Amino acid sequence: MDADAPEAEYAYGPELLPDASDGQDDIWRWRRLLPLDGSDSYPLQVGGTPLLHPRSLRDTLGLPGLVLKDETRTPTGSNKDRATALCVVDAARRGAAGIAAASSGNVAVSLAAGGAAAGLPAYLFVSGRSVAPSKVDLMRAFGATVFLVDGSYEAAYRLSEAACERFGWYSRNTGANPLAVEGKKTVAFEVWEQLGRIMPRVVYLPVGDGVTLAAYARGCQELVHCRVAERVPRIVGVQASGAAPLADAFARGQSSWTPVQPRTIADGIAVGDPCYGGPAIDAVRATSGEFVRVDDADLQAAVAMLARTTGLLAEPAGAASLAGVMAHRRAGRALDGTVVALITATGLKDQRWLPRESGRAIEVAPDLDALAARL
Ligand SMILES: Cc1ncc(COP(=O)(O)O)c(C=O)c1O
């Protein structure tokens with residue numbers, strides 16, 4: 001089944017925004033800026049994630065204006081749940097026999113849970129070569145059917161689209177289904193509202209397929225169209241240096257990119273040929289933004305820094321935005337004003353990259369003096 005919803009259009013104006021006192025704390029409070037009419041409900045709570053003002057991290061980086069949008073606090077611990085919510089509601093309304101997606105991991109976990117919540121079979125296509133085994137376990141725990149494709153993420157993507165065509169499944173594929181962008185743009189609304197209805201100066205976002213970034217820019221643009229904000233923030237896209245086709249194209253002043261063989265520990269952004277790369281590059285350019293490349297050591301340092309100074313645990317792709325901020329600080333950038341880093345996914349689902357050297361595990365006899373001797 002084709003999710004053939006056209007790109008949504010709205011009669012923009014301040015009246016589309018929710019009443020600050022409506023008491024609702026999820027994505028549906030933005031229903032007048034979403035293409036579904038809000039009459040359908042989604043069983044899981046999605047959206048309304050915290051905006052953190054991390055004192056110790058700010059001091060460490062010398063960045064008093066740094067805020068973190070904590071997208072680890074969603075049903076499956078990633079920002080993918082925003083897109084899943086809209087797609088699952090739409091699929092159920094259309095009476096789909098199943099819902100499918102290709103994924104580097106987090107989309108699939110999200111859709112497995114969403115399908116379970118809505119009573120829809122989920123068919124998930126992941127690269128058997130690179131998917132985290134613990135994420136496959138999570139997908140299976142939710143009762144999903146997981147296809148471990150002997151090929152890259154791009155190959156899994158093509159197979160999933162063909163399977164949707166053949167078997168009539170609803171495609172939640174990011175890049176193919178416009179509802180993915182519509183769902184993900186809600187995070188921009190929330191940040192603006194949580195800052196007191198003010199736009200940040202700059203926003204750092206991880207980039208794999210480019211949907212997260214393009215959706216954030218779209219959300220900001222819609223607030224401008226609604227005449228409640230004056231400008232869109234500068235958007236900085238963060239790519240892993242082993243999977244940076246968009247950063248490379250942007251550096252050359254081009255809008256088209258040469259696909260690469262991705263090599264990075266950050267599986268969420270290990271995309272060699274992004275399916276939403278064009279809109280992502282356009283959004284960065286339109287906001288006078290830029291791309292920054294970070295290597296795996298930078299990503300691991302960001303995961304460790306985040307965990308130690310804020311108590312937030314992210315996977316490497318989830319901490320990529322912070323890695324970008326840290327890279328710019330190292331390069332001597334001042335970064336004045338409010339700087340947002342979107343923390344896109346928890347580190348609990350894939351513990352291969354935990355910064356274990358941050359703390360200590362000490363073997364000790366059950367005796368206080370023995371304990372004192374080891375301190
Ligand atoms: C944790 C995490 N961050 C960022 C991204 C990148 O999002 P996009 O593919 O929309 O660019 C992903 C994508 O899977 C992800 O899993």
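Visitor: Is the crossing in which α7 passes α8 left-handed or right-handed?
Guide: This is a predicted model, in which local features need pLDDT of at least 70, side-chain atom pairs count only at pLDDT 80 or more, and totals for chains, interfaces and linings use all residues. Residues are numbered from 1 along each chain as its sequence is written. Helices (DSSP runs of H or I, at least four residues) and strands (E, at least two) are numbered from the N terminus. A crossing is left-handed if the near helix is turned anticlockwise from the far one by less than a right angle, and right-handed if clockwise; α7 passes α8 in a crossing that is right-handed.

Visitor: At what angle do α7 and α8 pack, and what does that make α7 relative to α8?
Guide: Helix α7 (residues 186–194) and helix α8 (residues 211–225) have axes 7 Å apart and pack at an angle of about 55°. Axes are lines fitted to C-alpha atoms, for helices over the stretch in contact, with angles from 0 to 180 degrees between N-to-C directions. Under 35 degrees counts as roughly parallel, over 145 as roughly antiparallel, 65 to 115 as roughly perpendicular and the rest as oblique.

Visitor: Which residues of α8 make the contact with α7?
Guide: On the α7 side, the contact (C-beta atoms, placed from the backbone, within 7 Å) is made by Thr186, Val187, Ala188, Phe189 and Trp192. Of the contact residues on both helices, 7 are nonpolar, 2 polar and none charged. The residues that α8 brings are Tyr216, Gly219, Cys220 and Leu223.

Visitor: How many charged residues are in the contact of α8 with α10?
Guide: α8 and α10 pack at about 50° with their axes 8 Å apart, which makes α8 oblique to α10. α8 passes α10 in a left-handed crossing, and Leu213, Ala214 and Ala217 in α8 meet Pro279, Ala280 and Ala283 in α10. By class (Ala, Val, Leu, Ile, Met, Phe, Trp, Tyr, Cys and Pro nonpolar; Asp, Glu, Lys and Arg charged; the others, Gly among them, polar), the contact has 6 nonpolar residues, no polar ones, and in the charged class, none.

Visitor: Which residue in β10 is the bridge partner of valine 203?
Guide: The other open sheet has 6 strands in the order β1-β2-β10-β7-β8-β9, with mixed pairing. Within this sheet, β7 (residues 202–206) and β10 (residues 339–343) pair in the parallel sense over 3 bridges. Valine 203 has as its partner in β10 valine 340.

Visitor: Which helix gives the largest share of the side of domain 1 that touches domain 2?
Guide: An automatic or database assignment sets the bounds: domain 1 (51–76 + 180–356) and domain 2 (79–175). In all, 28 residues of domain 1 are in contact with 24 residues of domain 2. On the domain 1 side, α6 (178–184), α7 and α8 each supply at least two residues. The largest share, 4 residues, comes from α6.

Note on methods. Two residues are in contact if their C-beta atoms, placed from the backbone, lie within 7 Å. Two strands pair if DSSP finds at least two bridges between them.
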